[in-house]
Amino acid sequence: MLLRYTTVLTLASALLQPPGVLFLLAMLGWLGEVLGWRYWGRMLIILALGILYFFSTAIGARLLLMPLENRYPPLNQPLTGAEHPGAIVVLGGGEVMDSPHSRLETANARTLVRLMAAARLARQTQLPVVPSGGAPRFGVAAEATTMAHILRQDFHVTSPIWPETHSYNTAANAADSRTLLAEHHIQKIYLVTSALHMPRAVAWFRLSHLEVIPVPTDYRLNQVRELKLDSWLPRAIFMEISSEACHEYLGLLWLWLQEQGLGNGN
């Protein structure tokens, strides 16, 4: 049942964010041409091409990305005093399967950046670290297990590591981490994830009744760089960033629908 549910979510997400939604628009436009609705068919095709171009530029990617990445400022120094958090939760961002350099799964670049930030914070605070992420497929180790190994062996984290190995999406990250942290009577946490993912992650963790101090990392674009003429040139990397940003907006919409009682699960 869970596999079927996550498969439907994955399919829906692929079709509702670029480039999938743009292919759907173009196909609808082609269908309109076939059925004789030539004006509306051509308008849909032109619209799909226009959005494809805009989302493939630095201008378009930045407009989508900045409201997400600028929502929470970077954490320059850990909190001090009696109200400091009791643990560091770091969310998994995916693994590389069957790496040519290892028979085991290894973290992808996004996860490594998150782990780097979590390790730095752990060394500063000596707080326990909770890597959160379940098995990406049947028969392999949970992502959190891989993350814990990297934290210990590669980043030399000496504080306790409590892997959360059951979650399969952001909502489950929050709920399952809350259960684990409750065993240690911890209510307030540092939350480490990519900056564009942070608004959705914070919302889910707060819904799980955890007090969250955001620690955004893994920024996608150089926001200091001024926009120039070549910012209007389409590139695949900007389409990828735009697609990730759209995924986050869809996730926030899904969260809002659940708060209105219109859905179940993430």
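## Exercises on aromatic pairs and confidence

Both Tyr-39 and Trp-40 are exposed. Please keep in mind that this is a predicted model.

**Exercise 1.** Find how many aromatic pairs the structure holds, and classify the pair of Tyr-39 and Trp-40.

*Solution.* The structure contains two aromatic pairs. For Tyr-39 and Trp-40, begin with the ring centres, which lie 5.2 Å apart. Next take the planes, which meet at 80°. Planes over 60 degrees apart count as edge-to-face, so Tyr-39 and Trp-40 form an edge-to-face pair.

**Exercise 2.** Classify the pair of Phe-54 and Phe-55, then decide whether Phe-55 is buried or exposed.

*Solution.* The ring centres of Phe-54 and Phe-55 are 6.4 Å apart, with the planes at 45°. That angle makes the pair tilted. Now turn to accessibility: buried means under 20% relative accessible area. Phe-55 has 15%, so Phe-55 is buried. Phe-54 has 28% relative accessibility and therefore counts as partly exposed.

**Exercise 3.** Describe the chain over residues 43–65.

*Solution.* Start with the record: UniProt, in an unreviewed entry, places the feature "transmembrane region" at residues 7–31 and 43–65. Then check the model: residues 43–65 are 91% helix and 0% strand. Finally, the end C-alpha atoms of this stretch are 27 Å apart.

**Exercise 4.** Work out where pLDDT stays under 50.

*Solution.* Then go to residues 1–5, where pLDDT stays under 50. For residues 1–5 the model has seven contacts beyond four places in sequence.

Notes. Residues numbered from 1 in each chain as written. Predicted model: local features only at pLDDT ≥ 70, side-chain atom pairs only at ≥ 80, totals over all residues. Heavy atoms only, no water. UniProt positions renumbered as here; feature names shortened; annotations may be inferred. Helix = DSSP H or I, 4+ residues; strand = E, 2+ residues; numbered from the N terminus. Phe/Tyr/Trp six-rings, centres within 6.5 Å; stacked < 30°, edge-to-face > 60°. Buried < 20%, exposed > 50% of the residue type's maximum accessible area, 1.4 Å probe, protein only. pLDDT = per-residue confidence, 0-100. Contact = heavy atoms within 4.5 Å.
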